[in-house]
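Here is a short briefing to read beside the coordinates.

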Amino acid sequence: MPVNIDVTGEVLTARLEGELDHHAAVAIRQEIDNTIDSARPTLVIIDFRNLTFMDSSGIGLVMGRYKKTQEIGAELHIANTSPQIYKVMRLSGIERLAVIDKGGYKNETNK
Amino acid sequence: MKPINEVKINLLSCSSNESFARVAVASFIAQLDPTIEEINDIKTAVSEAVTNCIVHAYKERIDTVYITVSIFDNRVVKITVRDKGCGIDDVKKAMEPLFTTAGGERAGLGFAVMESFMDKLSVRSKSGKGTTVTMTKQLSFRARSNG
């Protein structure tokens, strides 16, 4: 599974792995949603550290999880976006909805 | 203008081929020694174009996606992604950010990504005949170092 999920207390962390495109998104989405439904967290963190590629399917995934967390009154954080991933992400304006933590990555594509 | 090198890749519209398509294009362009950012931009744009063929043009049925990658003098790369699918009735509308006809979780940002990650984007489409997306990018002329 290209996503590794762990729940600690009320925090659900979903660590994405490999490449996130239209093909990969379906299984990842289901896995995260199933765990949200059973764990009812107050904070959902999607961690992009081990993701090597993302296209706009990733935006769909994040937007969908934003809606889902809103429904249950939880917060959504996005963590460790590489320059390539951040560049795709910022096209969506998701920064206005969720906290993005770029982690150790320098924001070199922010131009 | 004639390209100095060119490759044609025809693939079936299986979603598992999305990753193959972008990696194949990136491999061909590697001969120009592009920056990592340029490679990533091109991979992302190709991924969007091919996904459009799979999701929209062929609506998940299996048919052929035709990709041509041409390299021109002065480090210009041109990528054409063509399908013989349903075509787009209103290209202008389809290119608006956040517009999508697909349900589920498509963000409607495919063309916006292609537009912002490449230098030029043109979309020609005929209802019922198919769509041709042409994208060009000028790669940078950076000083070659051994490091």
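The points below are grouped by topic. The model is predicted. Chain B holds an open sheet of five strands with antiparallel pairing. Over all chains, the count of salt bridges comes to 13.

**Sheet of chain B**
- The strand order is S1-S2-S3-S5-S4.
- S1 and S4 (120-126) stand at the edges. Each has a single partner strand, so one side of each is left without a neighbour in the sheet.
- From one strand to the next, the twist averages 10°.
- S2 (residues 64-72) and S3 (residues 76-83) of chain B pair in the antiparallel sense over eight bridges. Thr68(B) stands opposite Thr80(B) in S3(B).
- H1(B) packs on the sheet and touches S1, S2 and S3 of chain B. The direction of H1(B) makes about 170° with that of S1(B).
- H2(B) also packs on the sheet, touching S2, S3 and S5 (130-138) of chain B. Its direction makes about 10° with that of S3(B).

**Helix pair of chain B**
- H1 (residues 17-29) and H2 (residues 36-57) of chain B pack at an angle of about 140°. Their axes are 8 Å apart.
- The crossing of H1(B) past H2(B) is right-handed.
- On the H1(B) side, the contact includes Ala21(B), Val25(B) and Ile29(B).

**Salt bridges within chain B**
- Lys137(B) forms a salt bridge with Asp41(B), with the closest N and O atoms 3.3 Å apart. Lys137(B) lies in S5 and Asp41(B) in H2 of chain B, so the pair ties together parts that are 96 residues apart in sequence.
- Lys137(B) is buried at 8% relative accessible area. Asp41(B) is buried too, at 6%.
- Glu6(B) bridges to Lys8(B), the closest N and O atoms being 3.9 Å apart. Glu6(B) is partly exposed at 37%, and Lys8(B) is exposed at 59%.

**Salt bridges involving chain A**
- Asp33(A) and Arg65(A) meet in a salt bridge of 2.7 Å, N to O. Asp33(A) is in H1 (residues 22-39) and Arg65(A) in H2 (residues 56-71) of chain A, 32 residues apart.
- Asp33(A) is buried at 15% relative accessibility. Arg65(A) is buried at 2%.
- Arg29(A), Asp33(A), Arg65(A) and Glu105(B) are linked in a network of salt bridges.

**Start of chain B**
- Lys2(B) sits in the segment before S1 (5-12) of chain B. Lys2(B) is exposed, at 74% relative accessibility.
- The C-alpha atoms of Lys2(B) and Leu98(B) are separated by 36 Å.

Terms used: Residues are numbered from 1 along each chain as its sequence is written. Chains are lettered from A and ligands numbered from 1 in the order in which they are written. This is a predicted model: local features need pLDDT of at least 70, side-chain atom pairs count only at pLDDT 80 or more; totals for chains, interfaces and linings use all residues. Side-chain values use heavy atoms; hydrogens and water are left out. Helices (H or I, at least four residues) and strands (E, at least two) are DSSP runs, numbered from the N terminus. Buried means under 20% relative accessible area, exposed over 50%, partly exposed in between (1.4 Å probe, protein chains only). Axes are lines fitted to C-alpha atoms, for helices over the stretch in contact, and angles run from 0 to 180 degrees between N-to-C directions. A crossing is left-handed if the near helix is turned anticlockwise from the far one by less than a right angle, and right-handed if clockwise. Contact means heavy atoms within 4.5 Å. Two strands pair if DSSP finds at least two bridges between them. A salt bridge is a side-chain nitrogen of Lys or Arg within 4 Å of a carboxyl oxygen of Asp or Glu.
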